[in-house]
Amino acid sequence: MLFCIFLFSVSAHAQTDCSIYHKGYFMYTDTMGNTILVHRLNKFQFEYNRKIKVKTQFRINWNNDCEYTITQAITNSKSRKKYKNSVTGVTISKSDGDNGYYYSCNCKGEKIKGSEGFMKKITKQEFYNLY
């Protein structure tokens, strides 16, 4: 019985297709309640905080289909420049299909506020309308 449960959990995880999140347009809410717009393209992720007008560029590296790291490269925020080259690990914990995904953030092993969330998938048109 235990073996059957194990096989079911492995096959359920294997059915998650995270490749649909490797490129595209997304949005999420940060710990301050700000909407962050995300454009993911090839090896880069661009983020824009509409409220405080901060733009940040990250290098993205997919470790496997559902796990990636982002490394901050460039920002126009003086307070965020100290995080240049900082690496954050992200795991897609649950797919919600074309709606987006739930994630958990591995911030140097610490469980901090904002380490889990939902990345909503949006269209290019929605992205530019919000931008």
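# A guided tour of the predicted model

The chain has two helices and eight strands. The model is predicted. Read from the N terminus, its elements follow the order α-β-β-β-β-β-β-β-β-α. Of the 131 residues in the chain, 34% are buried.

**Stop 1: strands S4 and S5**

Select residues 54–64, which form strand S4, together with residues 67–75, which form strand S5. The two strands run antiparallel and are joined by eight bridges. They form a hairpin, with two residues between them. To see one of the contacts, select Gln-57 and its bridge partner in S5, Ile-74. Strand S5 is mostly covered, as seven of its nine residues are buried.

**Stop 2**

S5 and S6 pair in the antiparallel sense over five bridges; Glu-67, for instance, has Thr-91 in S6 as its bridge partner.

Lys-94 stands opposite Tyr-102 of S7. S6 and S7 form a hairpin with four residues between the strands, where Gly-97 takes a positive phi near 60 degrees.

Then select residues 116–122, strand S8, which pairs with S7 in the antiparallel sense over five bridges. Here Ser-104 has Glu-116 in S8 as its bridge partner.

**Stop 2**

Show the side chains of the aromatic residues. The count of aromatic pairs comes to 11. Select Trp-62 and Tyr-68: their ring centres are 4.6 Å apart and their planes stand at 50 degrees, so the pair is tilted. Is Trp-62 buried or exposed? Trp-62 is buried, because its relative accessible area of 19% falls under the 20% cut-off. Tyr-68 counts as buried too, with a relative accessibility of 3%.

**Stop 4**

Select Tyr-25, Tyr-48, Phe-127, Tyr-128 and Tyr-131, which ring pairs link into a cluster. Centre the view on Phe-127, a residue of helix H2. Phe-127 counts as buried, at 5% relative accessibility. Then select His-39: Phe-127 and His-39 are 88 residues apart in sequence, but their C-alpha atoms are 8.3 Å apart in space.

**Stop 3: the second largest pocket**

Finally, display the second largest pocket, which holds about 170 Å³ of space. Which residues line the second largest pocket? The lining consists of Leu-37, His-39, Phe-46, Glu-47, Tyr-48, Lys-55, Thr-56, Gln-57, Phe-127, Tyr-128 and Tyr-131. Two or more lining residues come from each of strand S2 (35–41), strand S3 (44–49), strand S4 (54–64) and helix H2 (124–130). Colouring the lining by residue class shows six nonpolar, three polar and two charged residues.

Several residues from earlier stops return here. Gln-57, the bridge partner of Ile-74, belongs to the lining. Tyr-48, Phe-127, Tyr-128 and Tyr-131 belong to the aromatic cluster and also line the pocket.

How values were computed
Residues are numbered from 1 along each chain as its sequence is written. This is a predicted model: local features need pLDDT of at least 70, side-chain atom pairs count only at pLDDT 80 or more; totals for chains, interfaces and linings use all residues. Side-chain values use heavy atoms; hydrogens and water are left out. On a 1 Å grid over the protein atoms alone, a cavity is a set of points where a 1.4 Å probe fits but cannot get out, and a pocket is an open set with protein on both sides within 12 Å along at least five of seven lines; lining residues have an atom within 4 Å of a point. Grid points are joined across faces, edges and corners, and a volume is the space filled by probe spheres set on the points. Ala, Val, Leu, Ile, Met, Phe, Trp, Tyr, Cys and Pro count as nonpolar, Asp, Glu, Lys and Arg as charged, and the others, Gly among them, as polar. Two strands pair if DSSP finds at least two bridges between them. Rings of Phe, Tyr and Trp (its six-membered ring) pair if their centres lie within 6.5 Å; planes under 30 degrees apart count as stacked, over 60 as edge-to-face and the rest as tilted. Buried means under 20% relative accessible area, exposed over 50%, partly exposed in between (1.4 Å probe, protein chains only).
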